[in-house]
Amino acid sequence: MTQLLTRACLCLLLVASPVLAQEDEPAEDQQLMIDPAFSDDPDAIVPVEPSAAERQRAAEAARGPETERGNGALLRGLDKITGRTQDFPLALGESAEFGRLQLSLAECRYPAADPTSDAYAELTITDQQANTRLFSGWMIASSPAISALDDPRYDVWVISCNRA
């Protein structure tokens with residue numbers, strides 16, 4: 001029994017030795033960053049704040065592409081049980097029924113520079129039997145999984161916007 005404990009301790013020591021051999025001082029990229037304004041170092045450099053114009057350009061770049069408003073959208077629904085798909089051309093403000101679901105289109109937008117590249121549709125999908133809202137928000141044609149309908153039987157996604 002003593003030999004077994006001795007061997008176990010030696011194994012643990014061998015496994016832990018690389019960790020124990022590390023230096024106590026963190027690497028340069030892991031050191032705590034201190035604001036130079038509060039530093040005791042007289043040579044500390046205070047980073048320059050971006051100008052209002054630079055902040056504005058950064059905000060505009062983060063917004064994404066310019067979009068235009070379509071006058072309708074083409075949605076596609078899949079019944080996972082039967083394997084059938086059905087297309088729904090909807091105008092703004094219009095609704096359609098798909099099984100027990102009611103699909104309502106509030107708005108559809110597309111990139112102004114390349115109208116065929118993507119579509120963003122604001123949808124509300126309601127389960128009429130349970131009288132509950134299953135989805136409400138923006139659905140993106142190129143990335144349907146980002147904001148998807150969560151239903152065990154049906155899938156609905158955006159295909160394109162109808163251009164005005």
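Mentor: Take Glu 107, which lies in strand β5. The model is a predicted one.

Trainee: Is Glu 107 buried or exposed?

Mentor: The general idea is a cut-off: a residue is buried when its relative accessible area is under 20%. Glu 107 has 16%, so Glu 107 counts as buried.

Trainee: Which residues is Glu 107 in contact with, leaving aside its neighbours within four places in sequence?

Mentor: Glu 107 is in contact with Arg 69, Leu 92, Tyr 120, Ala 121, Glu 122 and Trp 138.

Trainee: With which residue does Glu 107 form a salt bridge?

Mentor: In general, look for a side-chain nitrogen of Lys or Arg within 4 Å of a carboxyl oxygen of Asp or Glu. Here the partner of Glu 107 is Arg 69, and the closest N and O atoms are 4.0 Å apart. Arg 69 is in strand β1 and Glu 107 in strand β5, so the pair ties together parts that are 38 residues apart in sequence. Arg 69 itself is partly exposed, at 44% relative accessibility. A network of salt bridges links Arg 69, Glu 107 and Arg 109.

Trainee: How many salt bridges does a search of the whole structure find?

Mentor: The search finds seven. One of them joins Asp 87 to Arg 76, with the closest N and O atoms 2.6 Å apart. Asp 87 lies in strand β3 and Arg 76 in strand β2, so this pair ties together parts 11 residues apart in sequence. Asp 87 is partly exposed, with a relative accessible area of 37%, and Arg 76 is partly exposed at 26%.

Another salt bridge is formed by the side chains of Arg 100 and Asp 127, at 3.5 Å from N to O. Arg 100 is in the loop between β4 and β5, while Asp 127 is in strand β6, and the two are 27 residues apart. Asp 127 counts as buried, at 7% relative accessibility.

Trainee: Now the strands. Which strands does β5 pair with?

Mentor: Strand β5, residues 101–111, is joined to strand β1, residues 67–69, by three bridges, and the two run antiparallel. Within that pairing, Thr 67 stands opposite Pro 111. Strand β4, residues 95–98, also pairs with β5 in the antiparallel sense, over four bridges. There Phe 98 stands opposite Leu 101. With strand β6, residues 120–127, the β5 pairing is again antiparallel and has eight bridges. Gln 102 has Thr 126 of β6 as its bridge partner.

Trainee: How many residues are between β4 and β5 in their hairpin?

Mentor: Two residues. Gly 99 in the turn has a positive phi of about 65 degrees.

Trainee: Which residues does the disulfide join?

Mentor: For a disulfide, look at the partners, the distance and the torsion. The structure holds one disulfide, and Cys 108 and Cys 161 are the residues joined, with 1.8 Å from S to S. The pair links distant parts of the chain, with Cys 108 in strand β5 and Cys 161 in strand β8, 53 residues apart. The torsion about the S-S bond is about -85 degrees, so the disulfide is left-handed. Both cysteines, Cys 108 and Cys 161, are buried.

Trainee: What does the side chain of Asp 79 reach?

Mentor: Asp 79 is in strand β2 and is buried, with a relative accessible area of 9%. Its side chain reaches the backbone nitrogen of Ile 81 at 3.0 Å and the backbone nitrogen of Thr 82 at 3.5 Å. Ile 81 is found in the loop between β2 and β3, and at 64% relative accessibility Ile 81 counts as exposed.

Trainee: Finally, what pattern does the protein chain follow along the sequence?

Mentor: The pattern is α-α-β-β-β-β-β-β-β-β, which has two helices and eight strands. Of the 164 residues of the protein chain, 22% count as buried.

Technical notes
Residues numbered from 1 in each chain as written. Predicted model: local features only at pLDDT ≥ 70, side-chain atom pairs only at ≥ 80, totals over all residues. Heavy atoms only, no water. Pairing = 2+ DSSP bridges. Buried < 20%, exposed > 50% of the residue type's maximum accessible area, 1.4 Å probe, protein only. Polar contact = N/O pair within 3.5 Å; in protein donor to acceptor, adjacent residues only side chain to side chain. Disulfide = S-S within 2.5 Å. Contact = heavy atoms within 4.5 Å.
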